[in-house]
Amino acid sequence: MSALIQGLQFVFTPINFLFLFIGTAGGIVVGAIPGLTGSVGMILLLPFLFYLQPAVALIMLAGMFCGAIYGGSISAILISTPGTPSAAATVLDGYPLAQKGEAGKAIGVATIASTCGGIISTLCLIFIAPQLARVALKFGPEEYFALMVFGLTVIASVSGASLVKGILSGLFGLSIAVIGIDPISGYDRFSFGIPNLMTGFPMLPVLIGLFAISQIFIELQKIGQPLTIYKQKIKGVLPTRKELKDLFKVIIPSSFLGTFIGIIPGTGGAIASFMAYNEARRFSRDKESFGEGNILGIAAPEAANNGTTGGAMVPLLSLGIPGDVVTSVMLGALMLVGLRPGPLMFKQNPEIINALFVGFMTAQFLILALGLLSVRVFPAILRVPSSILFPVILALCFLGSFSLGNSVYDMFVALMFGIIGFFLRKFGFAMAPIILGIILGPLAEQNLGKALIISHGNWGTLFNSPIALFFYAISLASVSYSLMRMKRPNKQH
């Protein structure tokens, strides 16, 4: 109870609550605009987070994360273009309902379902994460190395269409991470006598370049194309009492399904939302109405994809392993502001964890309030021309890169990685494996070094622990599953 009171006192301090509000509202806007995702929103926040307390930065990121997942449903419903991959299933019934003149009800249902999904997943996060962290506190370097190996196998799940390209992206991230001074031996590696490279590439400009600037370059190519604009008047936001009763029969199981899917590293909201949509349709007495504007077809995917938010935070907070692309970026963001997710965070910074839990829950109610009160404003957000929006964001990216160290070099690094990211995206390479390689590679290397030093160079020590063997086993299972999933479409073809 004292932890809850401590968290409430922190979050509801006016200035802290304001940052949570800005993060959540910003997340909704970012998620609603096709081309901008929660990852890009977090990257844009990073330069400002440096000036905040770590706990404030964390709840602001949490608000951005939850808001962006919900925001993706708005453009999915109004213009049939999901703002985020997680909202792809919402298009199936959200857009047909909007075409019938009931866009208000579609957004109202999406808002209620998203809030419920978020609340249930937050409760699961609060109960599961501390227990998992308590177990992880017993880990030594051998177990941590095996855990990082497992984390790196997530690359197979976030590789996009090509596993080979995903592995190459991960190797590219690892190659970036080894530049600079070896953390174990202290030797200089791959700096070629350039002083700036002796400390490696600065992470913030690398993140800004790979995730934000490369995405902006992609979007700038679309300038001049006509915008799809929702022109009908929005009315009738809230569903009736009978509709609500039917909705909750779908929302609650979909929320738990989304939370469970979110806990599994490498899955994410897109998988959860399509699975929930499929199950809602399977158990419906009116299957034929799905795809024609059935509100249950909106509620199920929205409850599930917001359910993944709390679920994805479980492995991130308790083990330091990101659950999906957005939490990969969040992991990088947290390390930049001085927080290292993992079991020690529960022991060393319980006040930050308490603030996060309360902030995460509060963000769900902010989504409910903002979603229902601002429903008539959403079409205006989608009318902002790309020719104005993306150049402004590009300028903010360079400003953010410069502001960290007042360094023009950092701006060049951001631009360089933006160009690299642009061409990688053009040729179908995913960005998430790169960031996993950059973040998890050095952690694996450090723990491998510690384990070998303690065991006097005995490599067999890596296989002595049952916990380490467990992580190696699920690493193999994770890679095998990804390979099987890739072969399946080929067989169908």
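Predicted model: local features only at pLDDT ≥ 70, side-chain atom pairs only at ≥ 80, totals over all residues.
**Entry 1: a word I need first**

"Partly exposed" covers a relative accessible area between the two cut-offs, under 20% for buried and over 50% for exposed. Phe12 has 44% relative accessibility, so I put Phe12 down as partly exposed.

**Entry 2: where Phe12 sits**

I looked up the spot on the chain next. Phe12 is in the loop that joins helix H1 (2-11) to helix H2 (14-32). Then I checked what Phe12 is part of. Together with Met1, Leu4, Ile5 and Leu8, Phe12 makes a nonpolar surface patch of about 510 Å².

**Entry 3: salt bridges**

How many salt bridges does a search of the whole structure find? The search turns up six. I went through some of them one by one.

**Entry 4: Lys105 and Glu102**

Lys105 pairs with Glu102 in a salt bridge, and their closest N and O atoms are 3.6 Å apart. Is Lys105 buried or exposed? Lys105 comes out at 15% relative accessibility, so I file Lys105 under buried. Glu102 is partly exposed, at a relative accessible area of 30%.

**Entry 5: Lys242 and Asp246**

On to helix H10, residues 241-263. Lys242 and Asp246 are both in helix H10, four residues apart, and that is about one turn of the helix. Their side chains meet in a salt bridge, 3.5 Å from N to O. I looked up how open each residue is. Lys242 has a relative accessible area of 62%, so Lys242 is exposed. Asp246 has 29%, so Asp246 goes down as partly exposed.

**Entry 6: Arg282 and Glu279**

Last pair for today. What is the N to O distance in the salt bridge between Arg282 and Glu279? I read off 2.9 Å. Both residues belong to helix H11 (residues 269-282), and because they are three residues apart, about one helical turn separates them. Arg282 has 46% relative accessibility, so I call Arg282 partly exposed. Glu279 counts as partly exposed too, at 29% relative accessibility.

**Entry 7: what I'm keeping**

For Phe12, I'm keeping the loop between H1 and H2 and the nonpolar patch of about 510 Å².

Terms used. Residues numbered from 1 in each chain as written. Heavy atoms only, no water. Salt bridge = Lys/Arg side-chain N within 4 Å of Asp/Glu carboxyl O. Buried < 20%, exposed > 50% of the residue type's maximum accessible area, 1.4 Å probe, protein only. Helix = DSSP H or I, 4+ residues; strand = E, 2+ residues; numbered from the N terminus. Patch = residues over 30% accessible without salt bridge, like charges linked within 9 Å, V, L, I, M, F, W, Y side chains within 5 Å. Areas by Shrake-Rupley, 256 points an atom, 1.4 Å probe, with all protein chains shown as cover.
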